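Student: Can we go through the charged pairs in this one? Keep it quick, please.
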Amino acid sequence: MTFHSALGLVDAIAARLADPDTAPLGSRTLPSNRQHLAYGPPGIALLHIELAANGLAPWHRAHDWLTAASRQPLTSGPDSHPFYGVPAFAHALSCAADHLPSSYRRVLDTVDGQIAVDVGRRLDAAHRRIDGGRLPQLAEFDTIRGLTGYGAYLLRRNPGSSTMRAVLDYCVRLTEPITHRGETLPGWWVETGPSGSLDDRFPGGHANTGMAHGIGGVLALLALAARNGSVTDGHRAALRTILVWLDRWKQLADGGPVWPYWVTQGELRSGSPASSVPRRPSWCYGTAGLARAQQIAALVLGDASRQIDAESALVAALTDGEQVKATTDNGLCHGFAGLAHAAARTADNADFSTAVKLRAAIPALLATVFPPGTDPELMATELLENEGVGPGLLDGVAGIALALLAPSTAVPPRTAWDACLLIA
């Protein structure tokens, strides 16, 4: 895929999603998703904001989608989270405000105040839970719904704030072991399955390694904060605790090192994963997200060997037929577009030799998303008419278009749209 062909598909998608009143939104964009960053207007706004910041589209499209997201009151308090309600809207708005600060400053000041209050309440509850010796829920700490996701926003908006420091203090505390029913567990162990609900397939719960819902996101936040100069007591020790955990559960498969999506109680007690079947190396779970998080952690720790190992793991995942075969869609969250974007972001900070290999793997990923010779208008229509895709950010066409830009042009994003993924 060439730059021009990729840009053609991006333009075609953006044109289909130009007007929130006429865009083909499909069943994934339900009224309940109006405030959702993953499926609704805030995520679609990010596409138009990035294009406008690059001079490739008019700013009024971005403004129209931000307006569509806020036509009705936005949810705050316990029913909101980083991908829903005020925080989701704030992420999109802040990306626009970085380029048009005078347009959104007053609104951002208001939502930032509300977010600080909500984070404070969540932190109080989390520390009371730890003090009581109870296990967390995934939604307490994960990237999508929890304090790690709030930390991603605060790290951009107010990295030196006391609220940001308090989130980092909490993340450090989360890495400390906890004793539950006489068994020593990692502090991020939950009693539920990966869905957040009790699950017979996970008796005794699990430790989630993913970027979206597990300790991978906490690692990424701590590493990014340290890279940006926001460090708290025990920060580096917490980074090393998570890295040691990932080292413990890393498996060496034919296609390179892989990490399980989670560790069950049975696996914890036996000391080894139950299966080494290759899984998709996506952002949300698997090698793409975890390799990037470990790379950033290695950079801030000055661990050159670990850095190269992490980068090489991603190269192996992107070139291993079994892992590539396990990837079955084009989306940002767990598809080929997301792999291409993760590869581009990782290559930007990689050792020269692995950066070359990462960039060499990108064209095949892009060609899978948009095969050479395909008409971009027809492709955009096909994607939008696919019932399982929709227009949104994580699984939909807005995310696909955003994820095509950086790997196709070898130019990092102009906005911080992907800060919510904790990969930059």
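Tutor: Start with Glu183. Its relative accessibility is 17%, which counts as buried (under 20% is buried, over 50% exposed, partly exposed in between; 1.4 Å probe, protein chains only). This is a predicted model: local features need pLDDT of at least 70, side-chain atom pairs need pLDDT 80 or more, and totals for chains, interfaces and linings use all residues. Numbering starts from 1 along each chain as its sequence is written, and side-chain values use heavy atoms, without hydrogens and water.

Student: Which side chain meets Glu183 in a salt bridge?

Tutor: Arg269, at 3.1 Å, N to O. A salt bridge here is a side-chain nitrogen of Lys or Arg within 4 Å of a carboxyl oxygen of Asp or Glu. The pair links distant parts of the chain: Arg269 sits in helix α11 (residues 265-270) and Glu183 in strand β2 (residues 183-185), 86 residues apart. Helices (H or I, at least four residues) and strands (E, at least two) are DSSP runs, numbered from the N terminus.

Student: Is Arg269 buried or exposed?

Tutor: Exposed, with a relative accessible area of 57%.

Student: What about Arg121 and Asp118?

Tutor: Their side chains form a salt bridge at 3.8 Å, N to O. They are about one helical turn apart, because they lie three residues apart in helix α5 (residues 101-131). Arg121 is exposed at 53%, but Asp118 is buried at 3%.

Student: How many salt bridges in the whole structure?

Tutor: The search finds 17.
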